[in-house]
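Hi,

Here is the structure I promised to pass on.

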Amino acid sequence: MTFSANIVFFFTFLIAIIVPVTSQPCNSYRFSKNIKYAACEDLPVLESSLHWNYHPSSGVVDVAFNKVNAKDSSWVAWAINPTSKGMVGSQSFVAVHKSNGTIKAYTSPITSYGTKLQEDNLSFSVHSLSTSYTNGGIIIFATFQLPPNKTLVNHVWDEGLVSEDGTLKAHSFSRSNLQSYGTIDFISGKVSKSDGDVNSQTILRNVHGVLNTVSWGIMMPIGVIMGRYLKVLEGLGSTWFHSHRACQSLAFLINIVGFGTGLYIGSHSGVHHAPHRCVGITLMCLACAQVLVAVCLRPKKDHKYRIFWNIFHYIVGYATIALAIWNNLKGFDILNVGNVWKKSYVGIIISLAGIAVILEVMTWIWVCNKRRAKNSQVPC
């Protein structure tokens, strides 16, 4: 081979390694048992395609939903929504591929955003349903009766993981998972993509994540550090208290906005993560209790009940910080952000913890030296 031929071969090999292999177009896909479909469409996200036969005389549709590159121990679902747009009201066909190699298909009507895709009958007749797992892809085969006078319907599709106990986990909140919906006309074969609403949903989720990460996860720990370590410095007077209160008050105001966006997201778009939501509500309750007790019920320093106020203030404060950090990390997993964001946040928390440890040691050394100096001045 000449030098130029070697160069061409090298770059061809390099491109073959770097460029990922994409799934073949739907019209070239060949099903086993020589099953054929009159129409098909490559869906825009999640490496999926839809194949179908429509029988006008009976209103029956034969469908094959093909999801390539399916993950091990995962579920995939395709659904139509005869009554509205979105997930609630969808009538879904689900395939669950477990880690032991078994795969099961069943139907599941989606009645809420918190669905676990429980098995149940759909609102229309299903004549047959099966699934297969071939070459890393999951295919759902279904034959069902379209609702009367309904050939144009909304459809959604998605994928998620299955836990070790067999529970279906919520799908990711990545852009692809949020864009997996549109409309399909079984007569004309026209399939539309998702509209622009997903952009606003994604922005709202990102805003929710940023607000809560900054407030719960960064500003509040900084406020705690200010309150604990600045007050031991002589000459500052009440500056430490005003700094601590200002930082925590600003964080609390940002929390309110972040909490409100979280409630809106859970009620109006996508499935929500129940533990994340419950911990978020708990955090807001603790923060409100902390503000109420700190502002309205704070006794004077020499009051006999001040010790109980201090205990409550410290326990609730540190519990809130711990829960907030845990919930922020869960939020990163739910939003499916890149590892760089999660690692950056963990790095910030570790840095703040390191600063707190250093300041704690320095504070104890300073306090002990001050006590020792004071005791040495006491006459015998």
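Lys 231 sits in the loop that runs between helix H3 (197-229) and helix H4 (239-268); helices here are DSSP runs of H or I with at least four residues, strands are E runs of at least two, and both are numbered from the N terminus. Before I go on: this is a predicted model, so local features need pLDDT of at least 70 and side-chain atom pairs count only at pLDDT 80 or more, while totals for chains, interfaces and linings use all residues. Residues are numbered from 1 along each chain as its sequence is written, and side-chain values use heavy atoms, with hydrogens and water left out.

Lys 231 counts as partly exposed because its relative accessibility is 37% (buried is under 20% relative accessible area, exposed over 50%, partly exposed in between, with a 1.4 Å probe and protein chains only). Together with Arg 245, Arg 298 and Lys 301, Lys 231 forms a positive surface patch.

Ile 307 belongs to helix H6 (residues 306-335) and is partly exposed, at a relative accessible area of 47%.

Now the aromatics. The whole structure has 11 aromatic pairs (ring centres within 6.5 Å, using the six-membered ring for Trp; planes under 30 degrees apart are stacked, over 60 edge-to-face, the rest tilted). One of them is Trp 52 with Phe 186, which is edge-to-face because the planes are at 85 degrees, with the centres 5.9 Å apart. This pair links distant parts of the chain, 134 residues apart: Trp 52 is in strand E2 (residues 48-55), and Phe 186 is in the loop between strand E10 (181-185) and strand E11 (191-192). Both Trp 52 and Phe 186 are buried.

Phe 124 and Phe 144 make a tilted pair, 5.4 Å centre to centre with 40 degrees between the planes, and both are buried. Tyr 29, Phe 31, Tyr 37 and Phe 141 form one aromatic cluster.

Lastly, Gly 182 in strand E10 is buried, at 7% relative accessibility. Its C-alpha lies 5.8 Å from that of Asn 154, 28 residues apart along the chain.

Cheers

Note on methods
Patches are made of residues with over 30% relative accessible area and no salt bridge: like charges are joined within 9 Å, nonpolar side chains (Val, Leu, Ile, Met, Phe, Trp, Tyr) within 5 Å. Accessible areas come from the Shrake-Rupley method with a 1.4 Å probe; for residues, only the protein chains shown count as cover. A salt bridge is a side-chain nitrogen of Lys or Arg within 4 Å of a carboxyl oxygen of Asp or Glu. Lys and Arg count as positive and Asp and Glu as negative; His and the chain ends are not counted. The place of a charge is taken as NZ of Lys, CZ of Arg, CG of Asp or CD of Glu.
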